[in-house]
Amino acid sequence: MAGPSDKKTFNPPSVRAPFGNYNHGLFVPPGASLLVTSGQLGIEPDETIPPDVTGQAEVCFQAVDAILRDAGMSFEDVIRISGFVTRREDFPAYMAVRDRYTGTIKPVSTLLIVSGFTREDFLVEVEVTAAKIF
């Protein structure tokens, strides 16, 4: 059975090193099942929305964690994270939460600054792709 160590990372010396805890490329072995999530927003099931990006990012990653667990996966299986924040100054707070959730082998990652989401009070959105051989 394949595990996280079966993934192969790619960070060639001809490309600038990653800015944070991620890899430029990640190879997943053949036969892996793929899970793709929709973007998760910082809103609780009771409609509560934390007022800051740290709280909202925590809610986003908790939602992703629940989806992964429901699929029989974990953050060790995440191969790509796409994050979206509305303010450049929220980058460090978002990354601090993100880095608490990533697995042993860091996924590939993209973070974009966007002008907004469907509701003004949303500050962050997170989507992931995970792969696992069962």
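Which residue follows helix 1, and is its phi positive or negative? I looked there first: Gly 72 comes after helix 1, and its phi is positive, near 75°.

**Ground rules**

I'm working with a predicted model, where local features need pLDDT of at least 70, side-chain atom pairs count only at pLDDT 80 or more, and totals for chains, interfaces and linings use all residues. Residues are numbered from 1 along each chain as its sequence is written, and side-chain values use heavy atoms, with hydrogens and water left out.

**The whole chain**

I went through the secondary structure and found 2 helices and 7 strands. Here helices are DSSP runs of H or I with at least four residues, strands are runs of E with at least two, and both are numbered from the N terminus. Starting at the N terminus, I read the order as β-β-β-β-α-β-α-β-β. The radius of gyration is 15 Å, close to the 14 Å that the globule rule gives for 134 residues, so the chain is as compact as a globular protein of that length. (That radius is taken over C-alpha atoms, and the rule is 2.2 Å times the number of residues to the power 0.38.)

I also noted that the C-alpha trace spans about 40 × 35 × 20 Å along its principal axes. Of the 134 residues, 41% are buried; buried means under 20% relative accessible area, exposed means over 50%, and partly exposed is in between, with a 1.4 Å probe and protein chains only.

Next I checked contacts, meaning heavy atoms within 4.5 Å. Among contacts with a separation of 6 or more, 77% join residues 24 or more positions apart.

**Helix 1**

I compared the length of helix 1 with expectation. Its 18 residues (53-70) should span 26 Å at 1.5 Å a residue, and the end C-alpha atoms are 25 Å apart, which agrees. The expected span is 1.5 Å times one less than the number of residues.

Which elements do the buried residues of helix 1 pack against? I found strand 3 (33-36), strand 4 (40-41), strand 5 (78-85), helix 2 (91-101) and strand 7 (124-132). The buried set includes Val 53, Phe 61, Val 64 and Leu 68, and Gln 56 and Glu 58 are in it too.

Asp 65 also lies in helix 1. I have it down as partly exposed, since its relative accessible area is 21%. From Asp 65 to Ile 49 I count 16 residues in sequence and 18 Å in space, C-alpha to C-alpha.

**Loops on either side of helix 1**

I found Glu 47 in the loop between strand 4 and helix 1. Its phi is near 80°, a positive value in a residue other than glycine. Glu 47 counts as exposed because its relative accessibility is 52%.

Ser 74 sits in the loop between helix 1 and strand 5. At 29% relative accessibility, I log Ser 74 as partly exposed. Ser 74 and Leu 35 are 39 residues apart in sequence and 11 Å apart in space, C-alpha to C-alpha.

**Two phenylalanines in loops**

Is Phe 117 buried or exposed? I get buried, because its relative accessibility is 18%. Phe 117 belongs to the loop between strand 6 (108-113) and strand 7. Leaving aside neighbours within four places in sequence, its contacts include Leu 41, Phe 84, Thr 86 and Phe 122. Phe 117 and Phe 84 are 33 residues apart in sequence, with 9.4 Å between their C-alpha atoms.

Phe 19 is in the loop between strand 1 (8-10) and strand 2 (25-27). I list Phe 19 as exposed, with a relative accessible area of 68%. Its C-alpha atom is separated by 24 Å from that of Asp 6, 13 residues apart along the chain.
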